[in-house]
Amino acid sequence: MNIERASNLILRNVRIVDPLSGVDKITSIHIVDGSIKAIGSSLSAAKGAVVRECEGMVAAPGFFDMHVHLREPGFEHKETVETGCMSAAAGGFTGVSCMPNTNPAIDDESVVRMIRAKARDAVGGLVDVHPIAAVSLGRKGERLAPLAELAAAGAVAFTDDGDPVHDAEIMRRALEYASMFNKPIIQHAQDMPMTRGGVMNEGFCSTELGLPGMPGAAEDVVIARDITLSGYTGGQYHVAHMSTGGAVELIRMAKSRGLRVTCEVTPHHFVLTDDAVRTFDTNTKMNPPLRSADDVAAILAGLKDGTIDVIATDHAPHSYDEKQVEYQAAPFGIIGLETAIGLTMTALVHKKVITIERMVQLLSVNPRAILHLPEIRVTEGSMANLTLFHPDEQWVVDPSRFYSRSRNTPFGGSSLKGRPVGAINNGVVFFHPHSAAS
Amino acid sequence: MKLKSRHLLGLRGMPPEDIRLILDTAGSFREVLDRPIKKVPPLQGKTIANMFFENSTRTRLSFELAERRLSADVLGFQSGGSSVSKGESLKDTARNIEAMKVDMVVMRHWASGAPHYLSGVIEAAVINAGDGAHEHPTQALLDLFTIQEKFKKVEGLHICLVGDILHSRVARSNIYGLKSLGAKVSVCGPATMIPRGLEQLGVDVYHHLDDVIPSVDVLNVLRIQLERDAGRFFPSLREYHQTYGVTLRRLSRAERPVTIMHPGPINRDVELSADVADGEHSVILRQVLNGVAVRMAVLYLLATGN
């Protein structure tokens with residue numbers, strides 16, 4: 001992966017979209033030694049500066065994917081911290097949070113420290129990796145993990161993702177305990193008995209295909225319970241990869257009551273429906289599953305009205321062979337880092353569901369706020385932490401050119417409008433070689 | 001005459017003329033089965049692999065007999081006795097068998113969609129002998145053949161499928177085939193075993209047998225899986241028999257004789273009382289005989305059409 005030092009770089013004629021500073025204008029940015037030295041349309045070519053013509057491109061505060069499976073330790077044949085960071089940078093992300101369903105699980109501070117150390121060495125340190133640790137020891141849902149130690153080592157939130165925190169008592173105590181150091185509990189909302197054996201959304205498609213279903217209600221009942229617990233404890237609660245219309249309604253209600261409740265959705269849940277499963281392509285199998293057209297409509301409404309806070313990818317790498325099996329035998333999950341900007345632009349911004357400014361909130365501002373990470377601004381004197389993308393570049397997804405170690409995406413061959421061009425962070429810059437704009 | 005598809009994966013979306021072609025062809029082979037010498041030569045030199053990843057007796061024997069009656073060379077396995085139990089993938093198993101120059105693969109699999117997947121990774125023609133709860137096209141075709149044999153038509157008849165529709169590939173393939181040929185189709189079973197949105201397939205849903213019996217021509221009674229998640233879908237076999245068991249007393253409410261079908265194997269006195277199973281309106285053994293002829297027709301059409 002070709003990275004350079006951002007020692008003396010001018011991004012010329014770029015559109016800055018910085019919602020926190022209330023800025024949306026076309027100008028030029030001069031970056032020196034990783035910091036923004038000057039912003040202005042009349043920047044004279046500074047001595048020795050590399051000038052990049054960025055006409056038509058957007059520079060936003062660095063995008064942050066708060067739901068990524070880096071698979072290390074334990075599943076390095078699927079992804080590693082290094083390849084995951086490469087994939088993130090190629091997708092335009094300058095930061096990610098990684099999930100604890102590794103082997104061993106991230107339920108011990110040593111694992112948090114190991115992942116952070118590896119991330120500092122990957123891609124020149126361009127991608128900030130903030131691990132999310134397990135709620136319970138071994139993610140078994142029985143005893144709390146050492147949350148205070150994990151937080152001290154750098155864990156920014158807690159989840160048993162991959163599995164739900166199923167026991168209401170454990171969830172209640174986790175919310176209480178984590179609130180002492182102001183960390184959210186993130187829930188993979190799935191009622192396990194209701195989804196036993198399930199591999200796709202329960203509905204007309206599962207009926208026709210004869211595949212065991214996972215009803216949307218199995219997601220909603222857990223969220224409804226957890227909202228009650230969040231209200232009771234005052235703990236901060238975040239719903240991962242929300243996929244149903246019922247859940248959107250529950251979050252809307254919780255927010256209207258002023259509870260500390262937020263949620264994320266993935267691009268595949270607002271782009272595809274369970275109709276895609278008819279091919280029996282195992283890259284349409286993920287958990288939560290692709291839902292009905294009504295669910296997708298409700299998610300689009302939630303993105304539009306602000307009920308939904310974050311777009312996160314649930315980047316879940318699996319090797320080729322693992323997915324080359326019968327649908328029911330395949331593992332859940334698809335990768336998403338390198339298609340997130342393209343899908344969001346194509347399905348949301350170009351279709352006028354949301355504006356580019358709102359997209360920046362969903363992909364940068366809000367995930368950082370939920371995880372209590374420092375704000376990123378595109379202003380003079382700030383460290384340069386930027387995502388560069390071209391809103392109008394047309395491209396066809398070619399998984400063989402991904403930087404991720406895995407290729408499991410249902411979007412191979414899809415034609416998208418909007419493409420990541422580069423990422424700048426921690427004094428390092430990466431320009432995507434496949435983008436025509438770079 | 002040729003079929004539109006080079007595989008038989010399911011009846012969903014199959015054109016009615018293809019279904020009729022299979023039934024007509026099966027009619028010719030049905031006559032062969034009544035001859036003293038029940039063997040004909042059209043598949044001489046063809047090799048067919050029967051890959052059964054799920055236990056089956058009658059479907060496997062029926063296919064094997066059909067293949068031998070057509071003079072094909074036959075090999076096969078039922079999982080447990082092959083490399084499958086050693087953890088080899090379906091793709092590798094199938095490709096290894098294909099490497100021995102096999103022309104067709106007949107596959108039974110516990111996973112819905114497995115034959116669709118297989119048809120994408122091997123060159124040989126694939127015949128679905130039942131996949132998960134998805135489709136069992138040859139069973140539905142032999143059911144159609146048996147109905148047509150008895151009534152001389154399918155169009156306009158009312159056929160009700162009784163029992164566990166949720167887990168039944170037989171029900172799904174029957175619904176597609178019967179609707180395609182113009183029959184009226186309904187299902188009757190406990191609410192826990194009627195899958196979501198089934199009515200979108202154009203079938204009427206009943207929960208009480210007595211409501212549907214007066215208007216049906218055929219009851220196709222499905223096998224209830226005794227081991228099926230005991231207590232999750234229905235409380236007990238006793239209660240199931242009381243509610244959905246097809247008995248002579250229940251059938252006496254019909255105005256005309258009701259033809260009884262069952263894909264087998266029967267749980268006697270659970271879904272079907274013994275006197276009904278063996279009664280004068282039962283065509284259950286005709287189904288078994290016709291199954292051989294229908295499978296001969298499918299094998300013949302796919303082998304000679306490609």
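What follows is a short chat about parts of this structure.

Me: What am I looking at, and how is it numbered?
Reply: It's a predicted model, where local features need pLDDT of at least 70, side-chain atom pairs count only at pLDDT 80 or more, and totals for chains, interfaces and linings use all residues. Residues are numbered from 1 along each chain as its sequence is written, while chains are lettered from A and ligands numbered from 1 in the order in which they are written.

Me: OK, how many residues does the contact take from chain A and from chain B?
Reply: Chain A gives 15 residues and chain B gives 21. In contact means that the C-beta atoms of two residues, placed from the backbone, lie within 7 Å.

Me: And what classes are on the chain A side that touches chain B?
Reply: There are seven nonpolar, five polar and three charged residues. Ala, Val, Leu, Ile, Met, Phe, Trp, Tyr, Cys and Pro count as nonpolar, Asp, Glu, Lys and Arg as charged, and the others, Gly among them, as polar.

Me: Switching to chain B: what domains does the assignment give?
Reply: Domain 1 is 16-136 + 290-305 and domain 2 is 137-287. Those bounds come from an automatic or database domain assignment.

Me: How many residues of each are in contact?
Reply: In chain B, 20 residues of domain 1 are in contact with 23 of domain 2. On the domain 1 side, the elements giving two or more residues are helix H1 (16-32), S4 and H11. Helices (H or I, at least four residues) and strands (E, at least two) are DSSP runs, numbered from the N terminus.

Me: At what angle do H2 and H11 of chain B cross?
Reply: Roughly 55°, with the axes of H2 (residues 58-69) and H11 (residues 284-305) coming within 8 Å. Axes are lines fitted to C-alpha atoms, for helices over the stretch in contact, and angles run from 0 to 180 degrees between N-to-C directions.

Me: Which residues meet there?
Reply: Among them are B:Phe63 and B:Leu65 in H2(B), and B:Val292 and B:Met296 in H11(B). The residues of that contact divide into seven nonpolar, two polar and four charged.

Me: Last one: where's B:Ile122, and what is it in contact with?
Reply: B:Ile122 is in the chain B loop between helix H4 (114-121) and strand S4 (125-131). Leaving aside neighbours within four places in sequence, B:Ile122 is in contact with B:Ala94, B:Arg95, B:Glu98 and B:Val105.
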